Amino acid sequence: MSVEILDDIGPAIDPAEVKKELLEKYPAKVARKRSKQIQINRIDEEGNVAPIGANVRTVPGIITQRGCTYAGCKGVILGPTRDIVNITHGPIGCGFYSWLTRRNQTRTTGDQEDNFMTYCFSTDMQDEDIVFGGEKKLKAAIQEAYDNFKPKAISIFSTCPVGLIGDDVHSVAREMKEKLGINIFGFSCEGYRGVSQSAGHHIANNGIFKHVVGKNDDIMEAEYKINLLGEYNIGGDGFEIDRILNKCGIGVVSTFSGNSTYDQFANSHTADLNAVMCHRSINYVADMLEIKYGIPWIKINFIGAKATAKSLRKIAQYFEDPKLTKRVEEVIEEELPGVEAVREEVKSRCEGKLAMLFVGGSRAHHYQELFKEIGMKIVSAGYEFAHRDDYEGRKVIPDIKIDADSRNIEEIEVNKDEEKYNPRKTDAQMENLEKEGLTFKDYKGMMPEMDQNALVIDDVSQFETEKLLEIYKPDIYCAGIKEKYAIQKSGIPMKQLHSYDSGGPYAGFNGAMNFYKEIDRMVNSQIWNFFQPPWQKNPELSAKFVWE
Amino acid sequence: MLLRHTNKDIKIRKALTVNPAKTCQPIGAMYAALGVHNCLPHSHGSQGCCAYHRSALTRHFREPVMAATSSFTEGSSVFGGQANLIQAIDTIFNAYDPDVIAVHTTCLSETIGDDVSQIVNKALADGKIPPGKRVIHASTPSYVGSHVTGFATMAKSMAIQFAEKTGESNGCFNIVPGYVEPSDMAEIKRMVMELGIKPIMWPDTSNVLNGPQTGKYKMFPSGGVTTDELKSSADSLGSIALGELASADAVRALDSLHRVPCQVLDLPIGLLATDRFIDALRTVAGVSVPETVNTERGQLIDVITDMHQYFYGKKVALVGDPDHLIPLTEFLVSLDMKPCHIVTGTPGKSFERRINEITAGLDCKVNVKAGGDMYLLHQWIKNEPVDLLLANTYGKYIARDEDLPFVRYGFPILDRVGHSYFPTTCYKGGIRLLEKMLDVLLERQDRDAPEESFELVM
């Protein structure tokens with residue numbers, strides 16, 4: 001068994017001992033449960049990894065970093081859409097906290113186009129709405145939203161009390177849709193559903209697919225048309241990816257859902273390929289678009305320069321057009337040297353340093369590429385809310401048991417669309433492409449790409465984070481805003497990989513350069529040397545001063 | 001335009017809130033609980049609330065904000081959250097070892113009707129609360145009031161669940177400082193001590209949410225009111241609450257339970273409200289005001305007289321919490337400014353009455369609304385433009401669209417630092433507020449001045 005990563009951080013760290021230490025303070029039942037979610041990475045010769053506990057309920061009181069279903073549905077998937085009025089049906093908090101706090105950038109072509117990103121719409125439920133029901137207020141709120149804003153579409157997001165008091169947001173949506181003549185649809189994304197944001201992704205996927213996808217048959221003018229799925233344009237990531245794709249001559253029909261519009265969702269069924277960035281949040285839509293409309297999907301990753309080049313080549317390979325292949329190679333050749341120059345310089349200062357990544361449901365994997373490109377090592381990583389397929393690869397999907405906490409998340413039945421189903425490739429073509437190494441409908445997961453003996457931790461707690469820092473003393477820890485300052489106070493640089501600490505883009509070629517420089521800035525900043533005042537370093541005066 | 005859909009045409013809205021000027025109760029309770037030494041706040045609901053509240057406070061303070069949650073699932077939402085809370089208490093004491101867990105609720109646990117008091121008793125009976133440790137609780141339904149209400153409820157719970165009367169006076173005065181910054185809490189405490197009065201102040205987030213970087217993380221920082229102080233609050237000579245909404249409930253509860261006489265004042269923001277605060281302290285404690293305090297007051301007045309020309313007649317729009325806006329409006333009026341559009345998201349009738357009283361002498365129309373939102377405020381500004389906007393960070397969108405000089409004030413401030421280190425209360429804080437307003441007003445004059453009237457001396 002390779003202990004490569006351990007050699008770099010001192011001879012004494014045994015991951016099994018670390019795991020024991022992470023668990024020892026918990027009550028016995030909690031320790032048993034957490035034990036399944038902490039896995040020492042072992043990859044066998046076929047690339048298989050041991051199963052990890054994931055997508056299970058959170059231990060009460062453990063100080064999790066997880067959020068809720070509403071956050072996954074409204075905050076993540078539908079929040080970034082710029083021309084739909086998103087009404088939060090609930091008390092004010094949920095709407096308030098998801099108001100502009102995720103950095104999904106939007107850009108319209110002029111002031112005439114709708115952009116509701118800067119607005120927060122809420123029914124601001126009061127106690128009388130809890131007692132007598134909130135449907136009447138919801139209807140009135142939809143009417144007022146229509147009167148004030150005249151949007152193309154309105155969607156409604158349910159919060160915790162809505163399900164409990166039995167407000168039927170879907171029937172309200174149907175009634176108001178009839179009345180106002182615009183598309184209005186609701187989401188039952190109450191915060192207590194499922195065990196994390198993940199349930200909200202699924203609910204959002206179902207809703208957008210049922211109510212919007214396929215409603216607009218306009219065909220985009222572009223030779224090669226793709227959808228970019230699971231890219232939310234944090235800090236302009238989507239803009240950078242669009243720049244590169246456009247340079248290659250690839251048209252993006254729709255992005256789910258960074259800088260997206262209602263119409264883009266509505267004609268996403270006209271693309272010829274789905275390129276999936278964030279597997280966790282959008283794999284449902286990818287599968288449904290394939291079943292109903294015949295559009296295949298591939299997993300791509302635009303985080304990291306090499307990953308970006310590889311993803312472009314995969315897309316080109318799919319379209320089987322030498323002209324596109326040539327163009328893609330030209331673009332890579334044009335972009336890479338600039339990136340390489342920065343990478344080499346930064347690598348000289350970062351090589352051998354240790355990183356840890358605990359991020360949502362995809363970035364803990366994607367960003368490992370960027371760190372590796374500058375010679376850094378990942379000693380530990382994990383997701384807040386990913387499922388086993390994100391850790392171990394999609395091949396384990398048949399083995400995943402849906403437990404009681406997630407059983408009530410709707411699975412929708414999707415069938416071939418009689419009129420619009422159109423297989424983009426023949427079976428023979430697909431087979432051929434697979435033979436040439438392009439894999440469809442597949443994601444290998446994070447663990448097979450990590451080092452042996454790295455610690456993989458699902459739903460890491462505050463306690464476990466502190467222990468990891470104490471034991472491994474990493475050079476950088478990546479997570480979110482809630483973790484940031486506790487880690488920084490421990491004297492360890494902390495990079496937010498949700499908000500990018502207001503930086504970015506980090507995707508694509510320009511993004512890679514931004515990220516290299518940012519990590520260099522952080523791990524090599526002088527400030528980490530200044531924490532101790534001089535009078536604590538040398539408390540005893542070696543000679544007496546005499547003031548005369 | 002960032003807020004391109006906001007126009008002059010004000011349609012009456014009864015159901016839809018757009019760009020709220022408030023948030024929900026539990027975050028206020030969480031903030032208050034962080035003002036107790038060695039205390040871990042706990043959110044009894046689904047975990048999304050806790051994540052959001054921690055994130056919002058963290059973004060505002062740029063400090064660790066720790067809190068645990070009961071992490072309700074669909075099952076517990078139907079059958080009640082007792083098992084979740086008891087398991088949480090057990091896990092928390094084992095893994096994190098606080099002295100106190102301060103539980104608040106959310107719209108979820110309130111709607112299903114969990115009896116937290118009974119659950120805590122059960123945890124105690126089951127031996128899940130170690131000897132010497134305490135679990136206190138406050139009921140904070142998100143569908144009533146606002147974040148300020150949540151703060152008030154937790155501040156009250158702290159007092160009534162800890163206070164033990166021994167009958168022997170501790171010689172102290174209780175001070176409840178209101179929903180203000182750690183810097184303000186420190187400043188209020190400093191003023192009280194400057195007068196020679198011994199305070200018991202709760203909550204106190206100074207040195208909790210504006211702590212130092214030392215290279216060592218402490219989950220429970222050095223600040224916070226201690227449980228011994230809270231116990232002793234029943235033996236104090238009297239209590240002063242600053243801010244009717246955030247603080248009055250706590251001191252009134254102590255008055256009725258333990259006969260500690262109380263007085264409720266406005267937050268000491270600006271000249272006149274600070275005067276009333278100092279005068280009240282002097283009177284109740286029977287002390288004289290030291291020269292140092294007179295000097296600070298004189299310095300504030302000095303800045304006003306020096307720079308009055310830049311304030312005079314300027315129209316101001318304000319949005320924030322009632323306890324802040326009342327003395328702030330009074331301060332602006334005392335500078336001969338015209339606060340003419342004033343919105344708070346927190347409901348309550350007395351707010352509009354107080355503002356109307358304070359602005360009665362102004363020769364302009366004053367729009368005021370409690371339970372309003374920032375969309376309405378923006379529409380008012382479009383109809384009647386102003387010279388200055390004071391608001392939390394969300395105001396920057398209005399400020400940019402309308403090209404307004406803008407001072408960040410209140411909660412949350414997500415895009416600047418300073419608020420947690422430098423107070424805006426008492427005389428010193430008054431000077432800081434003036435400095436901030438002057439900065440943006442004079443920057444604007446500099447920016448817009450034709451070259452020939454670009455001034456060196458202003």
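**The interface of chain A and chain B**

Good morning. In this predicted model, strand 3 of chain A and strand 1 (residues 17–18) of chain B run antiparallel and are joined by two bridges. Helices (H or I, at least four residues) and strands (E, at least two) are DSSP runs numbered from the N terminus, and two strands pair if DSSP finds at least two bridges between them. Within this pairing, Phe121(A) stands opposite Val18(B).

A word on conventions. Residues are numbered from 1 along each chain as its sequence is written, and chains are lettered from A and ligands numbered from 1 in the order in which they are written. Local features need pLDDT of at least 70, side-chain atom pairs count only at pLDDT 80 or more, and totals for chains, interfaces and linings use all residues, while side-chain values use heavy atoms, with hydrogens and water left out.

I turn to the extent of the contact. With contact taken as heavy atoms within 4.5 Å, 79 residues of chain A and 75 residues of chain B take part. The buried area, meaning the accessible area (1.4 Å probe) lost on putting the two parts together, summed over both, is about 6,800 Å², and carbon and sulfur atoms give 61% of that. On the side of chain A, Pro60(A), Tyr97(A) and Lys489(A) lose the most area to chain B, together 12% of what that side buries.

Finally, the charged pairs. Four salt bridges (a Lys or Arg side-chain nitrogen within 4 Å of an Asp or Glu carboxyl oxygen) are found across the interface. A salt bridge links the side chains of Arg193(A) and Glu74(B), at 3.1 Å from N to O.
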